[in-house]
Amino acid sequence: MNALSLSPQGLGLLKSIETLALKPYDDQSGNVIHQWLPGATIGYGHLISEAQWPLYADGLNVAGAEALFKSDLAPFEQAVNRLVTRTLTQYKFDALVILMYNIGIGAFSSSSVLKLVNDPATPTPYADLEEAWKAWDKSQGKFNQGLANRRAAEWNLYSKGIYQRW
């Protein structure tokens with residue numbers, strides 16, 4: 001099976017969802033920050049570790065954001081190729097990468113989404129794959145409308161091949 005990578009349409013959709021930030025911000029509030037905190041983010045959704053803070057405290061330029069995005073994306077593409085055992089269409093692959101980019105490789109690896117993608121008959125707490133997918137709508141344990149919108153857009157991509165932000 002050939003390894004897939006995110007399509008140009010998938011890249012465009014992910015960038016439109018993450019949006020470009022050239023200054024560090026708090027991913028919970030969206031406010032620009034001037035000192036590190038958990039959830040510090042820059043570029044296209046890059047979480048800044050405390051150790052990385054000195055690299056990004058003053059922000060970055062567009063070329064730096066593009067390079068960071070490209071390096072951030074590769075592990076997610078590799079993880080979908082490694083973890084999904086079924087043959088995927090390009091749009092299903094793109095949707096899974098976009099989901100995983102948001103929830104993380106670890107969370108995706110043990111998710112009902114992955115179990116149901118690989119084997120739709122696998123017992124999970126969810127009625128079906130759509131319900132399992134859309135359950136990822138919480139931030140810090142609370143329902144988040146932005147995440148619900150994102151999950152709906154991802155699901156439309158996975159189930160119908162529609163590359164569209166809400």
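I began with Thr-19, which sits in the loop between helix 1 and strand 1 (21-26); helices (H or I, at least four residues) and strands (E, at least two) are DSSP runs numbered from the N terminus. I noted that phi of Thr-19 is near 60°, a positive value in a residue other than glycine. Thr-19 counts as partly exposed because its relative accessibility is 42% (buried is under 20% relative accessible area, exposed over 50%, partly exposed in between, with a 1.4 Å probe and protein chains only).

A reminder to myself: this is a predicted model, where local features need pLDDT of at least 70, side-chain atom pairs count only at pLDDT 80 or more, and totals for chains, interfaces and linings use all residues. Residues are numbered from 1 along each chain as its sequence is written, and side-chain values use heavy atoms, leaving out hydrogens and water.

Next I looked up Ser-139, in strand 4. Is Ser-139 buried or exposed? Ser-139 counts as buried, since its relative accessibility is 15%. Leaving aside neighbours within four places in sequence, I found Ser-139 in contact (heavy atoms within 4.5 Å) with Gln-28, Asn-144 and Leu-147.

Last, I turned to the largest pocket. I found 33 lining residues, with Glu-18, Asp-27, Asn-102, Leu-147 and Arg-150 nearest the centre. A pocket is an open set of points on a 1 Å grid over the protein atoms alone, where a 1.4 Å probe fits, with protein on both sides within 12 Å along at least five of seven lines; lining residues have an atom within 4 Å of a point. Helix 8 gives the largest share of this lining, four residues.
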